[in-house]
Amino acid sequence: MSSLASEVGVPVEKTGDRELWARAAGGDEGAFSELFERHAEALWNYTYRLTGSWSSAEDLASTTFLIAWRRRAEVTLVRDSALPWLYTVAANVARDEHRGARRRLRLLRKIPAQPAVSDHADSVAEKIDGQRRLGRVAEAVRSLPKSQREVVELCLAAEVSIADAAELLGIAEVTVRAHLSRGRARLRTLLEEK
């Protein structure tokens with residue numbers, strides 16, 4: 001009859017929220033679906049204003065309707081609209097979510113930061129680079145004249161004092177200094193070229 005009345009232009013009486021809620025409380029899923037269709041957009045807009053995020057608003061509106069479905073038998077609407085009750089539930093859920101987020105954030109702040117773990121590949125690369133550099137230095141030292149090479153090996157590589165190097169090589173300290181100075185200069189030139 002109602003579809004025939006709407007076809008001929010006779011206004012159809014819209015079922016009120018209170019009656020739909022009562023039918024939904026009795027297990028009528030169609031009545032709850034009608035309530036959902038009637039109020040979903042208004043609730044989504046309201047939850048968007050609460051959260052400032054459409055995705056959060058959709059989650060919040062969905063949670064609100066889920067709570068409404070679960071509590072449909074416990075709640076009796078005071079006025080003919082379910083919307084004020086849905087708004088109240090949505091606001092409570094939003095507050096609970098916000099409090100939970102703040103608690104989680106405080107908890108995360110209490111967790112000490114993990115120390116940075118160096119990448120094993122970096123240490124391997126550094127060792128390889130170090131070995132290459134050391135190889136170039138050793139090659140450059142081997143290319144020095146014998147007198148400079150002996151002094152550089154003793155004084156720089158073995159960290160023997162100039163006086164001890166002079167005694168070991170059987171030459172004057174001034175000669176060790178001269179060979180060391182020339183050897184350093186030649187090494188610097190050789191290594192800069194490579």
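**Note on salt bridges and a surface patch**

1. In this predicted model, Arg23 and Glu19 are joined by a salt bridge between their side chains, with 3.8 Å from N to O. That distance meets the rule, because a salt bridge needs a side-chain nitrogen of Lys or Arg within 4 Å of a carboxyl oxygen of Asp or Glu. Both residues belong to helix α2 (residues 17–25), and they are four residues apart, so about one helical turn separates Arg23 and Glu19.

2. How open to the surroundings are these two side chains? Arg23 has 34% relative accessibility and therefore counts as partly exposed. Glu19, at 45% relative accessibility, is also placed in the partly exposed class. The class follows from the cut-offs, because partly exposed covers what lies between under 20% (buried) and over 50% (exposed).

3. As background, side chains of opposite charge can pair when their charged atoms come close. By the rule used here, the count of salt bridges comes to nine. The points below take up some of them.

4. Asp96 and Arg99 form a salt bridge in which the closest N and O atoms are 2.4 Å apart. How many residues apart are Asp96 and Arg99 in helix α5? They are three residues apart in that helix (residues 83–110), so about one helical turn lies between them. Asp96 has a relative accessible area of 43%, which means that it is partly exposed. Arg99 is partly exposed as well, with a relative accessible area of 35%.

5. Glu173 and Arg177 make a salt bridge, and their closest N and O atoms are 3.8 Å apart. Both residues lie in helix α9 (residues 173–193), at a spacing of four residues, or about one turn of the helix. Glu173 shows 39% relative accessibility and so counts as partly exposed. For Arg177 the relative accessible area is 46%, and this residue is likewise partly exposed.

6. Salt bridges can also be linked to one another. Which residues are linked in a network of salt bridges? Asp17, Glu34 and Arg38 are linked in this way.

7. The last point concerns nonpolar side chains. Trp44, Tyr48 and Trp54 make a nonpolar surface patch of about 300 Å². Trp54 is located in helix α4 (residues 54–71). With 44% relative accessibility, Trp54 counts as partly exposed.

Terms used. Residues numbered from 1 in each chain as written. Predicted model: local features only at pLDDT ≥ 70, side-chain atom pairs only at ≥ 80, totals over all residues. Heavy atoms only, no water. Patch = residues over 30% accessible without salt bridge, like charges linked within 9 Å, V, L, I, M, F, W, Y side chains within 5 Å. Areas by Shrake-Rupley, 256 points an atom, 1.4 Å probe, with all protein chains shown as cover. Helix = DSSP H or I, 4+ residues; strand = E, 2+ residues; numbered from the N terminus. Buried < 20%, exposed > 50% of the residue type's maximum accessible area, 1.4 Å probe, protein only.
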